[in-house]
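This briefing is intended for a reader who has the sequence and the three-dimensional model at hand.

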Amino acid sequence: MAIRARFFYGRPMTRRTTISKLTTTTAIWLFAISAAHARVVVNRDQNVVYHLDCATGLILCTSAAFESVEELEEFGFDAQRWRQHRTRTSTSIDTPLVGPPAWLPSPKRWLGVSNRGTTALKDDESPALASLSRQVVDELTENWRDDQRGRLDHVALQLELRSRDIDLPSIMNSVAGLFDTDVEKTPDIVLIATDHPSLGSVATRAGHTLFVESPRHDTGRSRLPVVAHEWTHHLFERMSGAVSDSLLNAFEKSGSACATPAYHLLEEVLATAVGDGIVAAQLFRDADDTAYLSTSESFYADADIDAMAKAVVPLLQHQLGSGRPLDTDFAAQYLELAERVLSARCNDLQARLRMSAIVQTSHDYDAAYQLLRDRLAIRTALIDVTEDLNSHDTALTRYTGLTGVVLSDIAGLDRLAGIADLPTREALKAVASAEGAAVLALPRNQHAEVYFIVGKNPAATSLAAVHFIAHRRQRFSGWWLPLREASIPERNE
């Protein structure tokens, strides 16, 4: 099927009724792909919400337009009230454990299990916007200047023109074929204005919406790889069950020491290879841009993902050319690349925790959990809070191939009956009582282990977690006393 990109400029169109406090101007560009369309949207309401979410710590972002909420609080802005309006208690859509536990969660199920026990942003921004006072609104609208809106309009137009040059819709249609994804609805691409001087930026997804930051000196050309990157994530997460099962089986049966770390990196590596490899290579053809393709961490600000993505580009191009979805042959060749590129790093603690099951016995460890995610660069955390003594179903019990971290104090150990047997819990209680805190690393199988971090109280546990993070390059097994021993024991093979 021939696929073309179409463009028009229209009147404001949003997914919700725009409140009267903030006048919204929206520019929409349509990319036709199969029978659906992807819209590039310039929308003031969504920019304001994004930056307030950024300033109040609700999302990962490059920098907020409103660096200090204290300045807005002078006009009546209530950060806590904003967070309450914007967040909801998330419930997992994952099914209970039935029959033998799975090795690893399939990509199609990651969306449902990654926020168990935590909060997630609401899809509708209107209640949060409606909570703002007139004084706050007046202050916020000054941050949406005509030149800022005009700059985003220009970037959106350049996105359209450049996408035609390289036929981006056809590329993304081929990428959808890699995952055998049924493209019923393609994403909205919302441009977010930032004053950051660097072209490096953050992009994220929420449902069928891609939020793409546009830095100060942005051009449509420089944003296209980012759009393609996030669009690939969108397609990956919706891959068919047949492709997902094929990949899972190939990684599980490989016997490679790199199987788990390589699988954890797969989604980010493919998204980076598509956006910063295949799409960028078609955009950046002149000599001035060759450095982008060859400099370390130019694809991605993570050495492992950057190196793997660059190595995978030829393999991915071959797979795209074949017209076949990802299969066991692709998985085998991808693993060979991982063994060569990552090598000994496959045994790093951090590499094995890229996708993790995090279990905590109370919300006292929310800060320690966030520190684990940030410092260990955990890409997906399947988190469970076992405050209920009868709640023994956690990601650690559902997925035997996941390496996990358990955060508890002595008083909460009985809430871990589904993870640790009674002798293990009694041993943790005895050692943590005597030493103040203890870490016990228990192997689960050839692919995974679980690290119990237990203190005599929540403060001691959190301190032990900080020591644990400091040794993120050292995988180990057995006991470690973080409040007494400066280094962890050598890994027992």
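In this predicted model, Ala206 has Thr209 of strand β8 as its bridge partner.

**Strand β8 and its partners**

- Strand β7, residues 203–206, pairs with β8 in the antiparallel sense, and the pairing comprises 4 bridges.
- The two strands β7 and β8 make a hairpin in which 2 residues lie between them; within the turn, Gly207 adopts a positive phi of about 65°.
- Strand β6, residues 188–193, pairs with β8 in the parallel sense over 6 bridges.
- Opposite Leu191 stands Val212 of β8.

**Helix α10**

- Helix α10 consists of 13 residues, and the distance from its first C-alpha to its last is 18 Å, close to the 18 Å expected at 1.5 Å a residue.
- The buried residues of α10 include Val243, Ser244, Ser246, Leu247, Leu248, Ala250 and Phe251.
- Just after α10, Gly255 has a positive phi of about 75°.

**Disulfides**

- The structure contains 2 disulfides, and with the bonded cysteines numbered in sequence order the pairing reads 1-2, 3-4.
- Cys54 is bonded to Cys61 with an S to S distance of 1.9 Å; the link of Cys54 and Cys61 is right-handed, with 80° about the S-S bond.
- Both Cys54 and Cys61 are buried.
- Cys258 is joined to Cys346 at an S to S distance of 2.0 Å.
- Because the torsion about the S-S bond of Cys258 and Cys346 is about 100°, this disulfide is right-handed.
- Cys258 sits in the loop between α10 (241–253) and α11 (259–283), and Cys346 in the loop between α14 (328–341) and α15 (349–352); the pair therefore ties together parts that are 88 residues apart in sequence.
- Cys258 counts as buried because its relative accessibility is 4%, and Cys346 counts as buried because its relative accessibility is 2%.

Conventions. Residues numbered from 1 in each chain as written. Predicted model: local features only at pLDDT ≥ 70, side-chain atom pairs only at ≥ 80, totals over all residues. Heavy atoms only, no water. Disulfide = S-S within 2.5 Å. Buried < 20%, exposed > 50% of the residue type's maximum accessible area, 1.4 Å probe, protein only. Expected span 1.5 Å × (residues − 1). Pairing = 2+ DSSP bridges.
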